[in-house]
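Morning, everyone. One chain today, and I'll keep it short. Please look at the screen.

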Amino acid sequence: MKVLEHIKNAEGQTLFSLEIIPPLKGDSIDNLFHHIEPLMEFKPPFIDVTYHREEFVYKKRENGLLEKRSIRKRPGTVGICAAIKNRFNVDTVPHIICGGFTKEETENALIDLHFLGIDNVLVLRGDPIKSEQKFTPEKNGHHYATDLLQQVSNINKGVYLDGELQNHHPTNFCVGVAGYPEKHFEAPNLNSDLKYLKMKVELGAEYIVTQLFFDNQKYFDFVKKCRDHGITVPIIPGLKPITVKRHLNILPSTFHIDIPEELANEVEKCKNNEEVKQVGVEWTIHQSKELMKFGVPCLHYYSMGKSDAIYKIGSALF
Ligand code: FAD
């Protein structure tokens, strides 16, 4: 079922959903199932699975020269979506990205997803690969999420890349996109970012999932600005509890977000990471309660493959 239908069927009740990351290459999918299993108690109607593109590593050859190798550390997004759907009877939302894909490869991936009965996709640009300063699309790939959205909207209308195709069966994906309450780090200002977010909605995005944030006021302001810009689709807040002290530095540098002073001070005072987790969980519960009161359609938790903190949060709320 589509994410939008789940939201409609909930009739104003806040849903619980989560995002997981594929296991590292070589790991068993059982570890992932083990983490998801307890969270099924909160009846997530859908689970997002991230997509991780290739990275480049340099290996020293015997002759001393460096060899550039492309590796994908976390493959398997499509397979994991099908496996989770099969095992837990829950809808899955694979993330699809521009980076590393030609338009042809994207089309084939969408056909696979459609055949697997997956009804949703979260359409993203993807970040630049670590060795690049700025995002570079594949030759014959997409530059922005807006371009990729156009392709998904086309295939939803039965328009494939090969215009001469005889049997052009339309797909029927419900499409989500990313939004940034604290602005996307490359955007010159929030208004410019919102202009492109609106374009994403006009191109067929039916809902927005936000980047993680720790200050609800940033989400409330973002929703207001979106509505002022004429963006009317549901805006699902993305939340992540801080669980280790080094998150204080890693999260702002990775996701370009602020951590409120009050939270950072509480985390600094902790003697060990068990205490940090406790502080992080309490903060996220407080955030979640306030967001529920505000009437958000769904609380979307970034589990990063670990379930214990999310389980504590879910138990307090759902
Ligand atoms: P876009 O919407 O393309 O925006 C990128 C930048 O370009 C913005 O500054 C925007 O203002 C600007 N812009 C947008 N459209 C245009 C246009 N047409 N012309 C000019 N400028 C434009 N990354 C992954 O690799 N895998 C994942 O699974 C993944 N999941 C994510 C899930 C969520 C909920 C979020 C919030 C992010 C996720 N990301 C993921 C990270 C995401 O790929 C990065 O944040 C990326 O830098 C931007 O992606 P986007 O889809 O928001 O890009």
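Which residues of β6 are buried on one side, and which on the other? On one side, N120, L122 and L124 are buried. On the other, V121 and V123 are buried. Both faces of β6 are covered, then. Buried here is under 20% relative accessible area, exposed is over 50%, and partly exposed lies in between, with a 1.4 Å probe and protein chains only.

Some ground rules. This is a predicted model, where local features need pLDDT of at least 70, side-chain atom pairs count only at pLDDT 80 or more, and totals for chains, interfaces and linings use all residues. Residues are numbered from 1 along each chain as its sequence is written, and side-chain values use heavy atoms, with hydrogens and water left out.

Back to the strand. β6 covers residues 120–124, and five of its five residues are buried. Its partner is β5, residues 91–97. The two run parallel, over three bridges; pairing takes at least two DSSP bridges between the strands. I96 has V123 of β6 as its bridge partner.

Now the whole chain. There are 11 helices and 10 strands. These are DSSP runs: helices are H or I with at least four residues, strands are E with at least two, numbered from the N terminus. Of the 318 residues, 50% are buried.

What about contacts, meaning heavy atoms within 4.5 Å? Among those between residues at least 6 apart in sequence, 75% join residues at least 24 apart.

Last, the overall dimensions. The C-alpha atoms fill a box of roughly 60 × 60 × 45 Å along the principal axes.

Terms used: Contact means heavy atoms within 4.5 Å.
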